[in-house]
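Trainee: Could we go through this one together? I'd like to begin with the strands and then move on to the helices.
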Amino acid sequence: MQDARPEPSNEEIGFAIRRRRKALGKTLVEVAEATELTVGFISQVERGISAPSLSSFMRIARVLNTSIEQLLNVSEPFEPLTKAEHRQSYSLGENGRWYEKLGPGFSGALFYPCIIHRPPGHVAEMMQHKGEVFCYLISGELEYHLGDKIFEMKPGDTIHHDTSEKHFSKVVSDEESVELWVSSHPMTSH
């Protein structure tokens, strides 16, 4: 496993989004309408003035027919086996939260596994999108909000649900949480 966890700057994120948008021949207005974000916000993100939240970044990536990982060039050639010592890790946006890619995925893949490390007290953004997700809590404790229900998760507990229902989680332990996620979308967001 790599120790370095690259964290892209706002300028790098904006440049990647603008480059992909232009490559697809899409206008700022088209991307804004499809993501339900404002033209001004998309423009600020592209210029590195604002940073998108994780859910906004996911929506932008989806409209641009790509993933956050591909936009950030967190990629590796496909091999069916990923050795632990070659696993890529990276952070995005929030100090203390980082991701371990468990495999590079492949064209047509139906699920994307990763491990997310979050510091005590971290509250994930409320999400709602098409797809499904599975989480196995390796360590730490979570309070998982799914629709109107709240689930207390301890190590060894799992949750599996349709992501069209609003959901988010909080790390409620005094230690880092380590969570195995398998999602139908690249780059889990929980």
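Mentor: Strand S5, residues 142-146, is joined to S6 by five bridges, and the two run antiparallel; strands here, like helices, are DSSP runs numbered from the N terminus, with at least two residues (E) for a strand and at least four (H or I) for a helix. Bear in mind that this is a predicted model, in which local features need pLDDT of at least 70 and side-chain atom pairs count only at pLDDT 80 or more, while totals for chains, interfaces and linings use all residues. Residues are numbered from 1 along each chain as its sequence is written, and side-chain values use heavy atoms, with hydrogens and water left out.

Trainee: Which residue stands opposite glutamate 143?
Mentor: Glutamate 143 has glutamate 152 of S6 opposite.

Trainee: And how many bridges join S5 to S8?
Mentor: Five, and S5 and S8 run antiparallel, with leucine 146 standing opposite histidine 167 in S8.

Trainee: What order do the strands take in the sheet?
Mentor: The order is S6-S5-S8, three strands in an open sheet with antiparallel pairing, where pairing requires that DSSP finds at least two bridges between two strands. The edges are S6 (149-153) and S8 (167-171), each of which pairs on one side only.

Trainee: Is S8 buried or exposed, for the most part?
Mentor: Four of the five residues of S8 are buried, so this strand is largely enclosed by the rest of the structure; buried means under 20% relative accessible area, exposed over 50%, and partly exposed in between, with a 1.4 Å probe and protein chains only.

Trainee: Switching to helices, how many residues of H4 are buried?
Mentor: Eight of the ten residues of H4 (54-63) are buried, which leaves the helix mostly covered, and among the buried ones are Phe57, Met58 and Ile60. The buried residues of H4 pack against helices H1 (10-23), H2 (28-35), H3 (39-46) and H5 (68-71), and against strand S2 (98-101).

Trainee: What's the angle between H2 and H4?
Mentor: They pack at about 120°, with axes 9 Å apart; axes are lines fitted to C-alpha atoms, for helices over the stretch in contact, and angles run from 0 to 180 degrees between N-to-C directions. That makes H2 oblique to H4, since under 35 degrees counts as roughly parallel, over 145 as roughly antiparallel, 65 to 115 as roughly perpendicular and the rest as oblique.

Trainee: Which residues make the contact?
Mentor: Val31, Ala34 and Thr35 of H2 meet Arg59, Ile60 and Val63 of H4, contact meaning heavy atoms within 4.5 Å.
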